[in-house]
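This briefing is meant for a reader who is meeting the structure for the first time. Please look over the sequence and the model before reading on.

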Amino acid sequence: LGAGSGLQIIRYYPVAALAFAAWLPLAAAFGQDQGAPTAPSGTEVSSGAAPVALLWIPREDNLDWDSIVKLGLDLPSLGLTIAVSPRALADAPPETLADLPANIELAMRPAGDPVLPLIKELQNPAVGTAAADLPAFSRPQDVIAHLSGVKKGYSGPRLPGGGIAAGGGALTKELLTLFYPMGFNWVAAGDPENSVSSGPWQDAHGVAFLSFKPLNRDLSNWPGPSSEPAAYVLDDTADLSQAPGTIRTLQELTAFPGSEATPFTGVSAFLKDPRVIARLQSSLGEIEKGTLSFRPWTGDYEPWVGQPLKRAAWKLLASVARTLESQQNTPTLTPKVLDAAGTQLLDAEGGHYFLNLDTRFPAAVREAAEREFRVSLSNVFRILRLPAPEDLQRPLLAGETASGQEGPDAEAGSVESGEDWLAFLDRAKIERTM
């Protein structure tokens, strides 16, 4: 994705073009400017203390909204930005969201937390030595689809602001120009590479890129207040020390020294601090030079590609993507059908699948992730009305055990082929896409 790459993608990928065109008017619905964000009341930063932005990225199914409301009310000096997916926000009780205190703000994140540089080009040098064992997989059109679909998924009484947390904090230089057309006004990312200024950075359209340092779950690496602006992230999704299903106790957020007069603020208020504004202004032009990029806040891409089971999943994903690509000019398949199949592939690109295949997690966690991953990929073939490939019927790695489940969940996780193929899962739902 270089200069003019958006036009090239739109020219060669008409489905992505439709998604992109449909997306642009949605920015107005969120009421976001492209300049500096407006700070919520109650979270303004004092002119004396250096602002410290705090971003929390919880696992999608582990949000206790009542406790979040209580946290904001009990600690009015604590400013906090929570990145929530459309799925997590849809599950929140509307009355609870309406009561969310002003010092707790919401930001966006793509569903499934796809790691965008890996979707754009899996075999890119940034991945490191693990790239040698990875398949050829390059879907820049899916990067646009992931970003253009973010705001469309949100609804309810409390919409997120104009900020977005990139999956894992990873952004290569070619991706930085995509956020302004999508209507975002700030982007959370990891450590910068090839930077000239100290950051945060602002592009010519006013989109701010912030580098967040990760905090350990026990906050043991918290360095204390600083004389300079800083930003920290609590990313539960990439925390491989805790298996999915472990709920972060919000008391951890109050464990910092002096928590009653916390230095933390939400990202919107952080961006309104004069010292931060001065840094943004001094960085103008650096993004346009095309050298700045951001590493994941885990330090590297190992959590998504670093084990044989995860690399096997990428190979299966690449195989299904090639099948979908080969069907693009099939006369019997309408654009609506191809788009529905592409949506299933987008789901399978979610970073959470690859994280949850980690051997540091219990076998049950890996088996559940593999089962859900297979269902998304198998749905591509069902929608296209193609027979199931044998690879979807075997474990990702030889010697991996089956889930051993019984009942409806086991049926949903199995992959069939032959005459019963089209009867798998919810046939009525599939047919509604055609």
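What volume does the largest cavity have? In this model, which is predicted, the largest cavity has a volume of about 70 Å³.

**Cavities**

- The count of cavities of 30 Å³ or more comes to four.
- The lining of the largest cavity is made up of Ile57, Asp113, Ala165, Ala166, Gly167, Gly168, Asp235, Thr237, Trp297, Trp304 and Leu355.
- By residue type, this lining divides into six nonpolar, three polar and two charged residues.

**Helix 4 and its cover**

- In helix 4, which spans residues 65-74, the buried residues are Trp65, Ile68, Val69, Leu71 and Gly72.
- Seen down the helix axis, these buried residues fall within an arc of 160°, so they line one face of helix 4.
- Asp66, Lys70 and Leu73, on the other side of helix 4, are exposed.
- The cover over the buried residues of helix 4 includes strand 1 (52-57), strand 2 (80-84) and strand 3 (104-108), together with helix 5 (86-90) and helix 6 (94-98).

**Strand 1**

- Because six of the six residues of strand 1 are buried, this strand is largely enclosed by the rest of the structure.
- In a regular strand, the side chains alternate between the two faces of the sheet.
- Both faces of strand 1 are covered, with Val52, Leu54 and Trp56 buried on one side and Ala53, Leu55 and Ile57 buried on the other.
- Ile57, one of these buried residues, is also among the residues that line the largest cavity.

**Partners of strand 1**

- Strand 1 runs parallel to strand 10 (residues 230-235) and is joined to it by six bridges, and within this pairing Leu54 stands opposite Tyr232.
- Two bridges join strand 1 to strand 11 (residues 264-265), again in a parallel arrangement, and here Ala53 stands opposite Thr265.
- Strand 1 is also joined to strand 2 by two bridges, and these strands run parallel, with Thr81 of strand 2 as the bridge partner of Leu55.

**Strand 3 and its pairing**

- Strand 3 is mostly covered, since five of its five residues are buried.
- Strand 2 pairs with strand 3 in the parallel sense over five bridges, and Val84 has Met108 of strand 3 as its bridge partner.

Methods: Residues are numbered from 1 along each chain as its sequence is written. This is a predicted model: local features need pLDDT of at least 70, side-chain atom pairs count only at pLDDT 80 or more; totals for chains, interfaces and linings use all residues. Side-chain values use heavy atoms; hydrogens and water are left out. On a 1 Å grid over the protein atoms alone, a cavity is a set of points where a 1.4 Å probe fits but cannot get out, and a pocket is an open set with protein on both sides within 12 Å along at least five of seven lines; lining residues have an atom within 4 Å of a point. Grid points are joined across faces, edges and corners, and a volume is the space filled by probe spheres set on the points. Ala, Val, Leu, Ile, Met, Phe, Trp, Tyr, Cys and Pro count as nonpolar, Asp, Glu, Lys and Arg as charged, and the others, Gly among them, as polar. Buried means under 20% relative accessible area, exposed over 50%, partly exposed in between (1.4 Å probe, protein chains only). Helices (H or I, at least four residues) and strands (E, at least two) are DSSP runs, numbered from the N terminus. The arc is that of the directions from the helix axis to the C-beta atoms. Contact means heavy atoms within 4.5 Å. Two strands pair if DSSP finds at least two bridges between them.
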